[in-house]
Amino acid sequence: MSAATAPSSIRIKAIYEHLDCLLTGIDRLKKAGITGWTVMAPLPRHEIEEIIYEGQPSPVRWWTLTGAVTGLTTGLLLTSLTASQWPMILPGGKPVVALVPYAVVMFECTILGGALFTTLGAIVHCGLPGFFLDRAIQDPRVTDSSFGIVFTGAPVADQQRITEILTGAGAVEVTTGADTIYEVPNHA
Amino acid sequence: MATDVYTSGEPNRPDSYGAANRDIIRVLLKPSVAYLALLATSISVMLFGGWCWYMQIRWGMGVANITHPTMWGVYIVTFVFWVGIGHAGTLISAILFLVRSRWRTGVYRASEAMTVFAVMTALLFPVLHLGRVWQNYWFFPYPNQRQLWMNFKSPLMWDVFAISTYFTVSAIFFYVGLVPDIAIFRDHSKGLVRRIYGLLSLGWRGTHRQWHHYMAAYGFFAALAAPLVLSVHSVVSWDFAMANTAGWHSTIFPPYFVAGAILSGCAMVISLLMPMTYAFNWHKYVNTWHFENLAKMCVLTSAILSYAYGMEYFVGWYSQNPYEQAIFFWRADPSADYGWAFYLMVFCNCLAPLPWYITKVRRNPWALFIIAAIINVGMWMERFNIIVSSLAHNFDPATWWFYWPSWVEWGILAGSAGWFCTWFLLFCKTLPAVAITEIKEMIPPPVKGSLEAK
């Protein structure tokens, strides 16, 4: 391959069998100032979350709040405006817009709005559906029992340094380029 | 480093994450003869219920024995029963998640499935009760041709909002929890099955970004679902309590209904999970520890319910309202039309759970299964007792009537059980009935040595 067509980035994947090795790998990558990696895990471990996000909360909470406020407003408007459309005089001086009975509808709309927006937020921020994720990330060993760190576009110049960091942290396998794509064995 | 929840006081766990996967996956898509026989029975009963419904549509509501003054009969009784059954799932999955109760892990997925299927079953009954099912769109909140909207001050309208919200939130919560587990199934299957699970898992890969936002969203779902557990059956109770009918018009109804719903839901979880645990050999994941805790929940809610039954009588007596007193004394009269229903209810819901105060009984599988079944019968009888007796013996003695369900109504009741069991059986063989990812969280993580990263 000529120098003009040589790729400037490369896939690198490390597989870990131990959580502490994975955490060491992430820590060393962060300290080396290397970015652009994705960590994969078979379960949510808050050690991983802490080391990556350092206590930064997920923005999904803003979706929940927006949904809940939207739901509450919808419940209030739906009940009040529809009653106001036919402002009949009710016996006993009862109000046309009665907030106490409407509170039930408003409450249900608040919860429904919050749940629907949370779902939307989770879909957006999790990057779902994830059918088009890089093939190096699509590794069935990770949903089983292993952990992984994947670079889908590491600078070729950093390849050796990254490989050394990942191997030094205790990776049981480090692959690059086309080797990062794991062929699924016939489990069934 | 996290403190692991793996303690010696809890049941054995699988040795590794991979072992947990294999244990749950091995029961999938390989139906035994017994399973197929059970599924065929459920489908047959469901079809019989469907045929009874056809008879009702064909010949009209006259084939059901609901008539003035008992316009709410088995259909509404069974509607309330199934909504109640649907309570335990969200209680176990949401409230126990928020309080970090560890025993929920083994049982919450099946309980959530039970909730979704029970509410699906409950939702059939307003349509069945409607008679003219082709006009079921009248249920939905939209204005008529004169721009007149429905009355949002009506408890029946509240119920539409409460049940539909509960169903939507429970179904979302159920599915969101399933996504990472379906991804495990996808990676352990091939061909068409792999494609189907691939679609259902939404391409989940367990990246750090996915887990971070997923866990945040899951916590919010739990926080949103928790108040729903208390609100749904409170709203259902207002269908009755807001009416000026003797025996219904009481402020004690919301807590009374919620306690009853949790009792029936937990009893149904025991009834469903006990045979499943033995059939699939899942003792590592669901065992005495879980059943004992469910039994304790039943004992607590049974005590609350017994108090509520007693308090109803006290309120009737203390109010000095002749109509209130009349209905409660009539209900408890053994020689009256529904005296037997009252005493059966008291036996099943107040007395039958008492042996569960004894540890040995709580840990005996047969005792657990039989008492749970008795509670389920009792909870149906409770709704029958409340709804039918108050209507059959209302303010005007000239209209008093003895209501007894017709064979069509019994058939539809049986069909609803068949419908519920069919869904549940299909779920057991196609989706993870035990939450694999949460089971993995209970297993100590594989570590090589001390952590360098701080």
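1. Confidence along chain B. Chain B has a mean pLDDT of 89, with 96% of its residues at 70 or more. Over residues 1–9 of chain B, however, pLDDT stays under 50, and the model has 19 contacts (heavy atoms within 4.5 Å) beyond four places in sequence for them. Where pLDDT is low, the predicted coordinates should not be read in detail.

2. Helices 6 and 7 of chain B. The axes of helix 6 (residues 155–187) and helix 7 (residues 191–200) of chain B come within 8 Å and cross at roughly 150 degrees. Helix 6 of chain B is therefore roughly antiparallel to helix 7 of chain B. Axes are lines fitted to C-alpha atoms, for helices over the stretch in contact, and angles run from 0 to 180 degrees between N-to-C directions; angles under 35 degrees count as roughly parallel, over 145 as roughly antiparallel, 65 to 115 as roughly perpendicular and the rest as oblique. Residues of this contact include Tyr175(B) and Phe185(B) of helix 6 and Arg194(B) and Tyr197(B) of helix 7 of chain B.

3. Helices 6 and 8 of chain B. Helix 6 of chain B also packs with helix 8 (residues 208–241) of chain B, at an angle of about 150 degrees and with the axes 9 Å apart. This pair, too, is roughly antiparallel. The contact residues divide into 22 nonpolar, two polar and two charged; Ala, Val, Leu, Ile, Met, Phe, Trp, Tyr, Cys and Pro count as nonpolar, Asp, Glu, Lys and Arg as charged, and the others, Gly among them, as polar.

4. Backbone points to check. The bond from Leu128(A) to Pro129(A) is cis, with omega near -5 degrees, and Pro129(A) is in the loop between helix 4 (99–126) and helix 5 (140–144) of chain A. His68(B) and Pro69(B) are likewise joined by a cis peptide bond, with omega about 5 degrees. Leu202(B), in the loop between helix 7 and helix 8 of chain B, has a positive phi near 55 degrees. Most residues other than glycine have a negative phi, and most peptide bonds are trans.

5. Conventions. Residues are numbered from 1 along each chain as its sequence is written, and chains are lettered from A in the order in which they are written. Local features need pLDDT of at least 70, side-chain atom pairs count only at pLDDT 80 or more, and totals for chains, interfaces and linings use all residues, while side-chain values use heavy atoms, leaving out hydrogens and water.

Note on methods. pLDDT is the predictor's confidence in each residue, from 0 to 100. Helices (H or I, at least four residues) and strands (E, at least two) are DSSP runs, numbered from the N terminus.
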